[in-house]
Amino acid sequence: MKVSYNWINEYFDNKAPNPEKIDDLLTMHSMEVEGLDKKNNDTVIDVKTLPNYNHSCLCHRGIAREVGVVADIKLNLYSRNFKDFSISKTSKNLRVIIEDGKFCRRYIGRVIENIKVGPSPEWLKNKLETLGQRSINNIVDATNFVMLEIGQPMHAFDSDKIGTEIVVKNAVAGQKITTLDKKEVDLDENILLITDGINPLAIAGIKGGNFAELEMNTKNIILESANFDPVLIRKTAQRIKIQTDASKRYENDFSAEIASEAMDILTKLIVEIAGTSETRVGEIVDNYPTKAEKIQLGISAKEASSIIGVEIKDSDVEDIFNRFQFVWKKEGDQFVITVPDERLDLRIKEDLAEEIGRIYGYEKIKDIPVPKNTEKVKIDKGFAYKEKIRRILYEEGFSEVINYTFVENGQIELANPMSPERKFLRTNLTDGLKDSLEFNARYSELIEMPQVKIFEFGHVFKNSGEESNFAIGIKNPLGLKKPKEKEVLDNTLKILSEKLGVSLQKINKDENIAEFNFEKMIEKLPEIAEYDFSEIGDRTKRFKKISQFPFMIRDIAVFTPEGIKEEDVFSVIKNEAGELVIKSRLFDVFTKTFEDGTKKTSYAYRLIFQSYDRTLTDEEVNAIMTKITEKMNANTGWQVR
Amino acid sequence: MNTNNSDKESVHIHPITRVINDINKIFFEMGFNLTDGPELETEYYNFDALNVPKDHPARDMQDTFWIKPSKDMPGVERRLLRTQTSAMQVHYMEENKNPPIRIICPGKTYRKEATDATHEMQFQQFEGLYVDKEVSLATLKSVLNVFFDKFFEKDVDIRFRPSYFPFVEPGAEIDISCFKCNGGEAGCPVCKGTGWVEVMGAGVVHPKVLNNVGIDSNKWKGFAFGGGIERLAMLKYGIDDIRLFNSGDLRLVNQF
């Protein structure tokens with residue numbers, strides 16, 4: 001929800017804390033502020049209202065009230081003074097008929113005659129524009145203002161285009177409506193309409209139709225302030241794929257009590273900004289079949305203390321409830337409030353505990369340690385064996401991978417996939433491992449795995465149910481003949497089988513991959529007494545960015561005189577190659593006695609070149625190699641082979 | 001420049017596995033049971049039992065992958081990929097109706113959202129649940145303090161900010177003090193200079209969740225918390241793209 005700081009400030013007669021302070025206070029005690037955006041001498045505050053606040057805070061007054069509570073300052077009922085008027089009543093009668101009070105909880109209609117449609121005053125235009133809304137005309141802008149002020153969506157119809165009746169009823173199958181933005185929408189019997197008895201005027205709570213649309217020469221209007229069933233609006237909006245500012249508020253549910261207040265301020269505003277000397281205002285016609293209940297809710301300081309975990313005193317509860325301007329009384333140790341109409345989120349004791357806690361300040365909560373668990377913690381066989389298997393495989397040089405559950409073909413299909421290639425849930429791990437093997441074989445040098453060896457634990461999904469599987473796979477990069485994939489796989493399975501003490505039956509046919517049903521695999525194995533949490537590997541490693549550019553491989557071998565060490569050779573490479581060599585591997589060392597009796601040691605290095613910001617060229621890499629060669633050959637007795 | 005001048009094959013541990021094992025170890029030492037469950041869930045376990053009302057905007061807080069109804073099983077309850085490990089709370093409590101309860105459940109979760117460097121449609125979460133007589137935000141805080149200190153291997157502070165999750169009340173977002181710059185260094189890549197890092201959601205278990213599984217909420221209270229495992233791995237190891245974890249890419253795994 002985006003709100004204007006200046007608008008909020010008007011509730012406080014311009015004495016609100018500054019936007020940065022509001023950001024701090026709301027974030028720590030109320031709701032997250034996602035951004036402050038300076039705009040037209042104002043600041044747009046973007047507050048993240050979650051469903052509990054969405055009943056009351058999808059408007060400036062709701063947010064202003066939160067600011068008032070967290071900053072502990074009083075605020076006015078409205079952001080501006082709505083001028084009272086005394087003008088003659090219209091004699092025109094309006095009837096409001098609601099066919100089903102479950103879906104239309106309340107409908108207030110009112111006729112206003114002899115208004116003048118025109119541009120809005122600057123203050124109103126500015127307010128709307130700051131919030132990214134387009135100014136349409138004074139009547140429409142006034143309805144939007146009221147929604148943004150107190151959260152009640154409003155609507156205005158041209159009354160000369162309809163009779164004297166508003167009928168709220170369901171559409172009939174096959175019926176259509178053309179919306180204000182000229183879209184034709186097919187209706188069905190589950191969609192609630194505002195009608196004049198015959199013609200559809202609006203899709204209730206979602207969008208107006210063009211039948212009784214206001215025009216520049218409209219003189220007489222009917223105003224609507226209504227409340228509809230949130231589930232109905234949500235389902236309808238989803239089905240006809242129209243989401244509006246109004247539907248958002250209805251589907252989040254708000255009190256039907258504010259409808260009359262909204263009608264009152266809208267009327268005053270229209271008389272003020274669109275009134276003429278001839279303007280006549282009708283009585284409100286209030287049809288209110290499903291009246292909101294008044295709810296009493298209590299909590300004691302002791303109960304609040306036990307939920308929050310700090311000592312809350314009676315005086316704290318009093319102070320906090322007063323800040324909320326709750327109407328409360330003390331009954332025994334209970335502070336009983338009459339829940340404000342808007343606060344549909346306050347329904348159980350714990351809701352009040354949260355109000356007390358967040359205003360008291362979560363920062364004042366001190367740790368209370370939990371008692372030691374006196375019962376023996378059960379060892380989960382699945383977790384224990386997974387770790388055991390991992391450790392066997394790490395020792396054999398395997399790495400673990402995690403692949404996507406989503407695949408192109410399978411048995412369990414998604415109703416709403418991200419893409420056609422990810423439409424099904426995987427039925428095996430093998431297919432994913434194949435791709436991983438293929439992928440990683442290309443990077444064999446980069447990942448320092450002459451032979452790619454991987455495994456995965458993961459769930460697979462079939463019509464028969466969800467299973468937990470385990471698979472291992474091996475792949476030789478192009479050019480590597482030995483050891484053979486199958487031999488290494490068979491040998492690994494043999495080791496696994498021996499160390500676990502179970503015979504392994506693979507469920508797939510591939511030569512280089514073995515997949516197992518993990519649950520069946522460990523079924524017959526004994527329980528494990530303890531988890532193995534012992535230290536393994538290097539936990540100090542931190543991530544190095546992965547370059548998206550191709551890498552190049554160069555080998556260099558050099559004969560060096562006796563006494564020259566590996567480090568000496570490497571330091572030459574390091575000095576000359578710089579940042580572009582991302583890995584180097586000593587892959588061969590031998591010492592040879594020459595005919596003249598001198599002993600020389602050959603060091604052979606494989607160098608991997610890669611840049612983080614470009615594709616390297618052969619010339620570039622060759623130039624570096626030439627430099628390294630020259631430097632090496634410049635040393636007495638060194639000879640690059 | 002990285003050099004590996006030995007032929008000895010070193011042990012590589014997937015950062016996600018490392019994080020899950022650290023979580024498991026720390027909570028196990030605090031007396032928590034490790035538990036696991038299905039990724040394919042019914043609407044009941046993922047939403048209804050967790051006090052997320054039907055046709056309520058709260059369900060939009062997580063975009064859900066729904067399973068296409070099977071023609072062979074008409075009338076069967078709608079199924080989905082779990083959007084949160086919180087569903088495990090319900091499974092476990094149904095099987096273990098006699099508190100005290102202490103569980104930790106790491107596992108895969110799924111949400112239908114556009115992927116980028118910080119968003120994934122498949123990721124892992126860990127869920128903790130503690131049910132006992134004396135339970136408050138203060139006991140929750142103590143457990144999380146122990147966890148984060150041990151996990152980041154240094155003394156970090158914790159703060160609660162009000163938030164909303166349908167299955168807890170009160171509910172809070174949990175921030176930890178920045179373990180990288182220790183408090184609001186301008187330009188810190190981890191906390192963006194705020195000094196705090198958002199790491200999980202938590203709260204006191206909503207009485208309806210306990211009552212739904214047949215645990216008397218007048219006698220017992222609980223706290224629950226849940227956090228993203230990839231997020232912790234990214235923070236701890238400085239990994240810059242969440243999509244690396246599920247791509248079977250050893251250029252990531254073999255760095256660790």
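Residues are numbered from 1 along each chain as its sequence is written, while chains are lettered from A and ligands numbered from 1 in the order in which they are written. Because the model is predicted, local features need pLDDT of at least 70 and side-chain atom pairs count only at pLDDT 80 or more, whereas totals for chains, interfaces and linings use all residues.

The contact between the chains draws 88 residues from chain A and 70 residues from chain B, two residues being in contact if their C-beta atoms, placed from the backbone, lie within 7 Å. On the side of chain A that touches chain B, 39 residues are nonpolar, 22 polar and 27 charged. In this classification Ala, Val, Leu, Ile, Met, Phe, Trp, Tyr, Cys and Pro count as nonpolar, Asp, Glu, Lys and Arg as charged, and the others, Gly among them, as polar.

Helix 9 of chain A spans residues 301-308, and its buried residues are E303(A), A304(A), S305(A), I307(A) and I308(A). Helices (H or I, at least four residues) and strands (E, at least two) are DSSP runs, numbered from the N terminus. A residue is buried if 20 or more other C-beta atoms lie within 10 Å of its own, exposed if 12 or fewer, and partly exposed in between, with C-beta atoms placed from the backbone. Within chain A, the buried residues of helix 9 pack against strand 16 (296-300), helix 10 (314-323) and helix 11 (349-360). In chain B, they pack against helix 4 (137-152) and strand 9 (196-205). Just after helix 9 of chain A, G309(A) adopts a positive phi of about 90°.

T405(A) also touches chain B. This residue occupies the loop between strand 19 (399-400) and strand 20 (406-407) of chain A, and T405(A) is buried because 25 other C-beta atoms lie within 10 Å. When residues up to four places away in sequence are not counted, T405(A) touches L425(A), R426(A) and Q122(B). Its C-alpha atom is separated by 8.9 Å from that of G432(A), 27 residues apart along the chain.

Strand 19 of chain A runs parallel to strand 22 (residues 452-462) of chain A, to which two bridges join it. Opposite E400(A) stands F455(A) in strand 22 of chain A.

Two helix pairs were examined. Two packed helices are described by the angle between their axes and the distance between the axes. Axes are lines fitted to C-alpha atoms, for helices over the stretch in contact, and angles run from 0 to 180 degrees between N-to-C directions. In chain A, helix 16 (residues 566-577) and helix 17 (residues 618-634) pack at an angle of about 140°, with their axes 9 Å apart. Helix 16 and helix 17 of chain A are therefore oblique to each other; angles under 35 degrees count as roughly parallel, over 145 as roughly antiparallel, 65 to 115 as roughly perpendicular and the rest as oblique. From helix 16 of chain A, V572(A), I573(A), E576(A) and A577(A) meet I624(A), K627(A), I628(A), K631(A) and M632(A) of helix 17. This contact comprises six nonpolar, no polar and three charged residues.

In chain B, helix 1 (residues 15-29) packs with helix 4 at an angle of about 135°, their axes being 10 Å apart. Helix 1 of chain B is thus oblique to helix 4 of chain B. D22(B), I26(B) and F27(B) of helix 1 form the contact with F147(B), K150(B) and F151(B) of helix 4. Four of the residues in this contact are nonpolar, none polar and two charged.

Most residues other than glycine have a negative phi, and most peptide bonds are trans. A cis peptide bond joins K482(A) to P483(A), with omega about -5°, and P483(A) lies in the loop between strand 23 (465-475) and helix 14 (485-500) of chain A. The bond from P99(B) to P100(B) is likewise cis, with omega near 5°. Among residues other than glycine, N14(A) has a positive phi near 60° and counts as exposed, with 8 C-beta neighbours inside 10 Å.

Technical notes
Two strands pair if DSSP finds at least two bridges between them.
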